[in-house]
Amino acid sequence: MEANEIAKLAQLARINIDSETAGDVAESITSILALVDQLQAADTKGVAPMSHPMDAVQRLRADKVTEPDQRAQLQAIAPAVENGLFLVPKVID
């Protein structure tokens, strides 16, 4: 990677990379791109995609109501309610 490419990337990323560290950044980016090339060269034919490396099932709790409906009591003390919704002052014009 060239110094002018590093300068262009720094401008696009809105970061300041001085000329002294541009060489180190270029080496780092080159090594990362080499690693990406190595990963892309791996043969993945016949490998099914997976969302997680562990074939585990997440235990979930039962979806059941555990508290009584208190909406009427809570809205009774609210300053403004309409159609079961709390009304609030307008914030954004």
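Author: Let us begin with a term. A polar contact is a pair of N or O atoms within 3.5 Å. Keep in mind that this model is predicted.

Reader: Which polar atom lies 2.6 Å from the backbone oxygen of Gly84?

Author: A polar atom of the side chain of Gln75. Gln75 belongs to helix α3, residues 71–76.

Reader: Is Gln75 buried or exposed?

Author: Buried means under 20% relative accessible area. Gln75 has 12%, so it is buried.

Reader: Which residues does Gln75 touch, leaving out those up to four places away in sequence?

Author: Val81, Gly84, Leu85 and Phe86. Two strands lie in this part of the chain: β1 spans 81–82 and β2 spans 85–86.

Reader: What sits in the loop between β1 and β2?

Author: Asn83 has its place there. Look at its backbone. Asn83 has a positive phi of about 55°, yet it is not a glycine.

Reader: Is Asn83 buried or exposed?

Author: Exposed means over 50% relative accessible area. Asn83 is at 74%, so it counts as exposed.

Reader: Where is Arg14, and what is its phi?

Author: Arg14 is in the loop between α1 (3–13) and α2. Its phi is positive, about 55°, although Arg14 is not a glycine. With a relative accessible area of 71%, Arg14 is exposed.

Reader: Now the surface. Which residues make the nonpolar patch?

Author: A patch takes residues with over 30% relative accessible area and no salt bridge. Here Met1, Leu9, Leu12 and Leu33 make a nonpolar patch of about 370 Å². One of them, Leu33, is in helix α2, residues 19–40. Leu33 has a relative accessible area of 46%, so it is partly exposed.

Reader: Let us step back. How many helices and strands does the protein chain have?

Author: Three helices and two strands. Along the sequence, the pattern reads α-α-α-β-β.

Reader: What share of the residues counts as buried?

Author: Of the 93 residues, 6%. The protein chain exposes about 9,400 Å², and carbon and sulfur atoms supply 56% of that area.

Terms used: Residues are numbered from 1 along each chain as its sequence is written. This is a predicted model: local features need pLDDT of at least 70, side-chain atom pairs count only at pLDDT 80 or more; totals for chains, interfaces and linings use all residues. Side-chain values use heavy atoms; hydrogens and water are left out. Patches are made of residues with over 30% relative accessible area and no salt bridge: like charges are joined within 9 Å, nonpolar side chains (Val, Leu, Ile, Met, Phe, Trp, Tyr) within 5 Å. Accessible areas come from the Shrake-Rupley method with a 1.4 Å probe; for residues, only the protein chains shown count as cover. A salt bridge is a side-chain nitrogen of Lys or Arg within 4 Å of a carboxyl oxygen of Asp or Glu. Helices (H or I, at least four residues) and strands (E, at least two) are DSSP runs, numbered from the N terminus. Buried means under 20% relative accessible area, exposed over 50%, partly exposed in between (1.4 Å probe, protein chains only). A polar contact is a pair of N or O atoms within 3.5 Å; within protein, one must be able to donate a hydrogen and the other to accept it, and residues adjacent in sequence count only if both atoms are side-chain atoms. Contact means heavy atoms within 4.5 Å.
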